[in-house]
Amino acid sequence: MMRRINSLLLLIAFFTLMPLVAGAQEATTEEDLESTYVDIEERMLLFEEELNQLYALSRFQMNIDLEMPLTSQLLEAVSGRLSSLSQSLNSFTTRWNTYSQAQQVYIADNDSLLNMSAQIQQMQQTVNDTLTSRQQQFDQLSAFSKAEQFIWGQDKKYRTLYKQAQQYSLSPKLASQLEKVKAEESNIFSQAQEYYSQAQQASETFPGLEVRMKGMEKKFVELQSVSAKIQEMEYKPFIQRIKDYLLGLAAVAILMMFVNLLSQKLKQLKAAREQAKKMKESMMGQKEYPTI
């Protein structure tokens, strides 16, 4: 009889305490979930702070002027900085993707964390775009520097090609060698044209390169002129060369004659203008008498 009473009391106690235990467990679960949200938010704030620092560093300016000329040292410094920032962004992207995917369930279930995640992704894209823009600017500066080195470095080569083309054009037996010289020169000038075009684009982006671009343009025009002469060279008989030479002298003589005639005409016009001016001044100096 006593056993039955004890068992009944135990059952009553069990069913009485069970809701209390369940409530305590539920409260504990909510506290744990809230603690998890707080931990995730703190970690995401650290990610956001790191990203803001990267963004600030990525906004450096590349101004080329007299105070900061384009030099190999400057290019190396910019290249090193871009490389360091790119590595930092790649490291951030790897760590952020790993963490956000691991906490995806919690982030998706919390509006605040979801908004923070969207902000981090947006800022991440902004940093990436900024670094891409800086890389493009650096590529333009690097291309300009290479263009300068190439175009200014062709004088000796073009003198050699021009002399060779002249020699090979003296005999029909050397026609094949002349064509080789022309082909080599054509390839060099094609490279010069490509470099020159890239340099023009860079000078439009960086006004500080204007003076150097004008110097490069002058040198490029010189190369272009020599290139045209080399490509026009061909074997001509001696008599034809004499005729061309005489025609050239005649053209020069005619041009000089035209210049002289023009100069004389201008002098005559100037003299007539001065004479008319003096006559007008003398007439103005005469006294006028009244007439009846």
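Me: Why is F150 called buried?
Reply: This is a predicted model. In it, F150 has a relative accessible area of 16%. Buried means under 20%, so F150 is buried.

Me: What makes Y195 partly exposed?
Reply: Y195 has a relative accessible area of 24%.

Me: How many aromatic pairs does the structure hold?
Reply: Seven. One of them is F47 with Y99.

Me: Why is the pair of F47 and Y99 called tilted?
Reply: The ring centres are 5.7 Å apart, and pairing needs them within 6.5 Å. The planes meet at 40°. Stacked needs under 30 degrees and edge-to-face over 60, so this pair is tilted.

Me: Which helices does that pair link?
Reply: F47 is in helix α1 (residues 2–58) and Y99 in helix α2 (residues 72–102). The two are 52 residues apart.

Me: How do you know whether F47 and Y99 are buried or exposed?
Reply: F47 has 3% relative accessibility. Y99 has a relative accessible area of 13%. The cut-off for buried is under 20%, so F47 is buried and Y99 is buried.

Me: Which residues form one aromatic cluster?
Reply: F47, F92, W96 and Y99.

Me: What sits over the ring of Y99?
Reply: The charged end of R43, 4.7 Å from the ring centre. The distance limit is within 6 Å.

Me: Why are F150 and Y195 a tilted pair?
Reply: Their ring centres lie 5.0 Å apart, with planes at 35°. F150 lies in helix α4 and Y195 in helix α6, so the pair ties together parts 45 residues apart in sequence.

Definitions and conventions: Residues are numbered from 1 along each chain as its sequence is written. This is a predicted model: local features need pLDDT of at least 70, side-chain atom pairs count only at pLDDT 80 or more; totals for chains, interfaces and linings use all residues. Side-chain values use heavy atoms; hydrogens and water are left out. Rings of Phe, Tyr and Trp (its six-membered ring) pair if their centres lie within 6.5 Å; planes under 30 degrees apart count as stacked, over 60 as edge-to-face and the rest as tilted. Helices (H or I, at least four residues) and strands (E, at least two) are DSSP runs, numbered from the N terminus. Buried means under 20% relative accessible area, exposed over 50%, partly exposed in between (1.4 Å probe, protein chains only). A charge sits over a ring if NZ of Lys or CZ of Arg is within 6 Å of the ring centre and within 35 degrees of the ring normal.
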